[in-house]
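Subject: Structure handover

Hello,

I am passing this structure on to you. Please open it and keep it beside this email as you read.

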Amino acid sequence: MIPIQNTTAPHWSTELAQAIKSPAELMPLLGLSEQTLPPAAQAMTSFKMLVPRPFVGRMEYGNVNDPLLRQVLADDIEMLPSAGYSKDPLEEGNHNPQKAIVHKYERRILVITTGTCAVNCRYCFRRHFPYGDNQLAQKEWDSVIDYLTQHPEVNEVILSGGDPLMLKDSQLGPHIEKLNALPQLKRLRIHSRLPIVIPSRINHELLGWINNSRLDIILVLHSNHANEIDQSVAEKVALLKQAGVTVLNQGVLLKGVNDSVEAQVDLSERLFSAGILPYYMFTFDPIEGGAHFDLSVSFAQRLMGQVAEKLPGYLMPKLAKEIPGQPAKTVLAPTLSR
């Protein structure tokens with residue numbers, strides 16, 4: 001591991017501003033030469049590179065195949081045409097009834113709060129999402145409230161993006177207050193990778209609006225490898241749990257990142273040690289530009305069958321695939337070897 005972080009972490013917005021935006025900037029930090037990295041000019045034009053330094057600090061020095069590096073390193077292989085991969089693999093455009101709302105499942109809606117993230121993961125299934133058409137101005141948030149009042153069957157709101165925690169707490173707080181005022185709502189779910197890549201995002205301001213909410217709050221983190229979870233992450237998760245937040249993790253099965261029994265077992269063990277419960281492990285969504293990460297469903301089932309032999313049930317994430325048009329996620333049974 002490389003010593004990038006200071007002993008006293010700066011404000012999360014400062015760490016975000018200092019994020020790495022090119023392989024040339026990243027190479028010296030990891031002891032890698034230009035010759036060891038793939039050509040990436042075209043890929044970065046299509047989907048920019050963005051990696052926060054706290055996340056880089058968990059990468060193995062000198063290892064071009066580091067599993068964290070592989071998730072964020074641009075590669076022109078992304079630009080090769082691949083049959084069966086599309087810009088909208090989950091067909092979310094068919095469930096976008098109005099600006100910023102995705103309503104695929106009866107009793108919950110997903111709100112696209114922002115199009116920005118703190119890290120650009122190369123396998124992201126929304127890397128081509130039309131965020132420009134779904135960007136809510138602050139004054140437009142009432143349209144979400146109006147939609148909810150017109151759909152009283154909805155009892156859970158999911159804040160997604162992009163990454164909803166990219167919004168300032170001064171913006172998020174008033175939005176949550178409006179959701180609190182709707183008696184139909186029971187739960188608020190937040191999908192975020194920010195506490196993984198920049199743990200300092202969990203600050204007093206964020207904990208303030210969490211403590212003031214009457215809703216049951218679930219934070220679904222996104223981590224794919226055990227090395228993403230260090231002490232700084234665990235300390236922030238402890239604060240969230242003290243505030244009554246349920247903390248879960250969902251990951252994606254990725255070739256060359258976490259496609260081994262050891263990687264999956266280590267991830268679940270590390271998550272639980274940090275106070276995070278494994279929730280879902282998704283098969284790859286066939287997004288255009290990400291084919292080199294893909295693995296077959298049969299491989300995923302065999303792998304998770306082997307993982308199930310080594311973990312108790314409560315540490316086993318559900319292996320799942322999101323199939324367009326289905327009323328719920330499809331849970332896949334692991335294939336047991338005996």
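One point before the details. This is a predicted model.

**The sheet**

Start with the strands. There is an open sheet of 9 strands. Its order is β1-β2-β3-β4-β5-β6-β7-β8-β9, and the pairing is mixed. The edge strands are β1 and β9, and each of them pairs on one side only.

Look at the β1 end. Strand β1 covers residues 101-105. Although β1 is an edge strand, it is mostly covered, with 4 of its 5 residues buried. A hairpin of 2 residues leads from β1 to β2. These two strands run antiparallel and are joined by 3 bridges. Y105 has R108 in β2 as its bridge partner.

The next pairing runs the other way. Strand β2 (residues 108-112) and strand β3 (residues 156-160) are parallel, with 5 bridges between them. I109 stands opposite V157 in β3. In general, strands of a sheet pair through backbone hydrogen bonds, either parallel or antiparallel.

**Salt bridges**

How many salt bridges does a search of the whole structure find? The count is 11. Side chains of opposite charge can pair when their charged atoms come close. Here are some of them.

K104 and E322 form one, with the closest N and O atoms 2.2 Å apart. K104 sits in strand β1, while E322 is in the loop between β8 and β9 (330-331). The two are 218 residues apart, so this pair links distant parts of the chain. K104 is partly exposed, because its relative accessible area is 21%. E322 has 13% relative accessibility, so E322 counts as buried. The cut-off for buried is under 20%.

K178 and D142 meet in another, at 2.9 Å from N to O.

E25 is in helix α2 (residues 23-30) and R53 is in helix α4 (residues 53-56), 28 residues apart. E25 counts as partly exposed at 33% relative accessibility. R53 is partly exposed too, with a relative accessible area of 24%.

There is also a network of salt bridges, which links E156, R187 and R189.

**Strand β7 and what follows**

Y279 is in strand β7. Which residues does Y279 touch, beyond those up to four places away in sequence? They are R189, V220, L248, N249, Q250, P317 and K318. Take V220 as an example. V220 and Y279 are 59 residues apart in sequence, but their C-alpha atoms are 8.4 Å apart in space. Note R189 as well, which belongs to the salt-bridge network.

T283 is in the loop between β7 and α13. Is T283 buried or exposed? T283 counts as buried, because its relative accessibility is 4%. Leaving aside neighbours within four places in sequence, T283 is in contact with V252, V297, A300, L319, A320, K321 and L332.

**Helix α13**

A300 takes us into helix α13, where A300 is one of the buried residues.

The length of α13 can be checked. At 1.5 Å a residue, its 12 residues should span 16 Å. The end C-alpha atoms are 16 Å apart, so the two values agree.

**A surface patch**

Last, look at the outside. F272, L277 and Y314 form a nonpolar patch on the surface. Together they have about 310 Å² of accessible area. Y314 is in the loop between α13 (297-308) and β8 (318-321).

Over to you.

Technical notes
Residues are numbered from 1 along each chain as its sequence is written. This is a predicted model: local features need pLDDT of at least 70, side-chain atom pairs count only at pLDDT 80 or more; totals for chains, interfaces and linings use all residues. Side-chain values use heavy atoms; hydrogens and water are left out. Patches are made of residues with over 30% relative accessible area and no salt bridge: like charges are joined within 9 Å, nonpolar side chains (Val, Leu, Ile, Met, Phe, Trp, Tyr) within 5 Å. Accessible areas come from the Shrake-Rupley method with a 1.4 Å probe; for residues, only the protein chains shown count as cover. A salt bridge is a side-chain nitrogen of Lys or Arg within 4 Å of a carboxyl oxygen of Asp or Glu. The expected span of a helix is 1.5 Å times one less than its number of residues. Buried means under 20% relative accessible area, exposed over 50%, partly exposed in between (1.4 Å probe, protein chains only). Contact means heavy atoms within 4.5 Å. Two strands pair if DSSP finds at least two bridges between them.
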